[in-house]
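Good morning. Please have a look at the sequence and the model first, and then I will go through a few places in it.

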Amino acid sequence: TAPWLRRCLDSICTQSYRNLEILCVNDGSTDNSAEILAEYAAKDARVRVITQENAGVSVARNRALAVAQGVYVTGVDSDDWLEPHAYETLLPHMEAGYDLICFGMKALDTEGRSHEDSYLRLPGEGYREVESALVAETNAFICNKLYRMDKLREWKISFPEGLRFEDAAFVYAYMARAGDCYYV
């Protein structure tokens with residue numbers, strides 16, 4: 001995913017909220033992703049690169065979770081990017097004590113055109129108590145959610161290895177235990 005990696009890393013490294021731990025897992029890439037990651041780590045002390053033999057996305061994500069030191073965590077894939085004030089906008093809601101923050105996202109095609117899809121829409125905005133209807137309305141991507149590390153550890157939630165749609169298993173395991181969430 002080297003063609004998208006710089007845009008992704010730039011969007012994270014230039015966030016208006018600066019107190020970030022940026023963990024990048026190179027899961028045995030065969031393109032020039034390793035060189036790009038090394039370049040960013042050399043110029044930004046917040047970027048930490050973890051290199052491993054190709055073991056799959058779940059193993060890579062679990063490896064990052066195992067070494068994460070932050071209070072909150074999210075997952076950003078190399079073809080994703082964030083708006084400049086994303087974390088600055090989201091953190092006050094998380095600091096208010098919610099278990100989970102879900103935020104909007106768009107899917108773009110290779111030409112940069114937005115595709116409105118009901119799967120990407122949020123089921124409203126603001127506080128919501130987690131119940132089965134809300135879980136059913138919430139998409140299963142990890143990239144548009146902010147999680148509490150203490151809850152991940154307490155609830156022993158990780159990405160299931162060898163399973164397709166690992167995002168869904170992770171998100172729904174977390175939501176099954178979360179008491180409330182906030183939609184932005």
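I start with Arg61, which counts as buried because its relative accessibility is 12%; buried means under 20% relative accessible area, exposed over 50%, and partly exposed in between, with a 1.4 Å probe and protein chains only. A word on the source: this is a predicted model, where local features need pLDDT of at least 70, side-chain atom pairs count only at pLDDT 80 or more, and totals for chains, interfaces and linings use all residues. Residues are numbered from 1 along each chain as its sequence is written, and side-chain values use heavy atoms, with hydrogens and water left out.

Arg61 sits in helix 3, residues 57-67. Helices (H or I, at least four residues) and strands (E, at least two) are DSSP runs, numbered from the N terminus. What does the side chain of Arg61 join in a polar contact? The partner is the side chain of Glu166, at 2.7 Å. A polar contact is a pair of N or O atoms within 3.5 Å; within protein, one must be able to donate a hydrogen and the other to accept it, and residues adjacent in sequence count only if both atoms are side-chain atoms. Not counting residues up to four places away in sequence, Arg61 also touches Asp77, Ile142, Phe159 and Asp167, among others; contact means heavy atoms within 4.5 Å.

Next is Arg46, in the loop between helix 2 (33-43) and strand 2 (47-52). Arg46 counts as buried, because its relative accessibility is 16%. Its side chain has a polar contact of 2.8 Å with the side chain of Asp44, and a polar atom of that side chain lies 2.8 Å from the backbone oxygen of Arg18.

Now helix 4, residues 86-95. Its buried residues include Ala86, Tyr87, Leu90, Leu91 and Met94. They are on the same side of helix 4, because they cover an arc of only 110° around the axis, taken from the directions from the helix axis to the C-beta atoms. Strand 3 (72-73), strand 4 (100-102) and strand 8 (145-148) are among what covers them.

Last, the cores. The largest nonpolar core has 24 residues, and Leu9, Ile22 and Ile101 touch the most other members. Such a core is a set of buried Ala, Val, Leu, Ile, Met, Phe, Trp, Tyr and Cys residues joined through side-chain atoms within 4.5 Å. Helix 1 (2-13) gives the largest share, six residues. Apart from this core lies another, of 22 residues, including Val135 and Trp155.
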